[in-house]
Amino acid sequence: MPGSRILNSADPDAPTALQITRAIAAHFTQFTWYDHVWEEILLDESQDSAADPSLGGHPGDARPPIILNTTASVDLGYVPVGTFAETIPDEINWLLFLDRVGFTPGAGDPFFGPLLDYTAEDRYLAARTD
């Protein structure tokens, strides 16, 4: 029913953080100039109990999880343009462009900044002995 309101619309799938990172890694494999070997290092809370609790943090890591009910938008005719994996390549390319022109999205953002603690991740990786 028409009206003035804000409705949820979202990806039709709800990828996990691991699925998101794998979709991003898959996108980068097409670039011959991107000289990086993808290696997943999964954190195991039982083995990494001394690890910094901020490791692996990301904007979608909410407890309890954020769940969007898209019923109203779908009922009004909203049709997703694709899944997360199908639509993320354009966003990645936009972020690559921003990086090339010297802009780092989220670096000083009060919400996203604490979720992007690359220094803590670098320390953790440097201390690994496997």
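Start with a helix pair. Helix α1, residues 17–28, and helix α3 have axes that come within 10 Å. Those axes cross at roughly 65 degrees. As for the hand, α1 passes α3 in a right-handed crossing.

Who makes the contact? From α1, the residues are I20, A23, I24, H27 and F28. From α3, they are F84, A85, I88, P89, I92, N93 and L96.

One caution before going on: this is a predicted model.

Now step back to the whole chain. How many helices and how many strands does the protein chain have? Four helices, zero strands. Read from the N terminus, the order is α-α-α-α.

Next, contacts along the sequence.

On to burial. The protein chain has 130 residues, and 15% of them are buried. Its accessible surface comes to about 10300 Å². Carbon and sulfur atoms account for 57% of that surface.

Which residues make the nonpolar surface patch? W94, L95, F97, V101 and F103. The patch covers about 530 Å². Where does F103 sit? In the loop between α3, residues 84–100, and α4, residues 118–127.

One is the α1 and α3 crossing, right-handed. The other is the nonpolar patch that includes W94 and F103.

Key:
Residues are numbered from 1 along each chain as its sequence is written. This is a predicted model: local features need pLDDT of at least 70, side-chain atom pairs count only at pLDDT 80 or more; totals for chains, interfaces and linings use all residues. Side-chain values use heavy atoms; hydrogens and water are left out. Helices (H or I, at least four residues) and strands (E, at least two) are DSSP runs, numbered from the N terminus. Buried means under 20% relative accessible area, exposed over 50%, partly exposed in between (1.4 Å probe, protein chains only). Accessible areas come from the Shrake-Rupley method with a 1.4 Å probe; for residues, only the protein chains shown count as cover. Patches are made of residues with over 30% relative accessible area and no salt bridge: like charges are joined within 9 Å, nonpolar side chains (Val, Leu, Ile, Met, Phe, Trp, Tyr) within 5 Å. A salt bridge is a side-chain nitrogen of Lys or Arg within 4 Å of a carboxyl oxygen of Asp or Glu. Axes are lines fitted to C-alpha atoms, for helices over the stretch in contact, and angles run from 0 to 180 degrees between N-to-C directions. A crossing is left-handed if the near helix is turned anticlockwise from the far one by less than a right angle, and right-handed if clockwise. Contact means heavy atoms within 4.5 Å.
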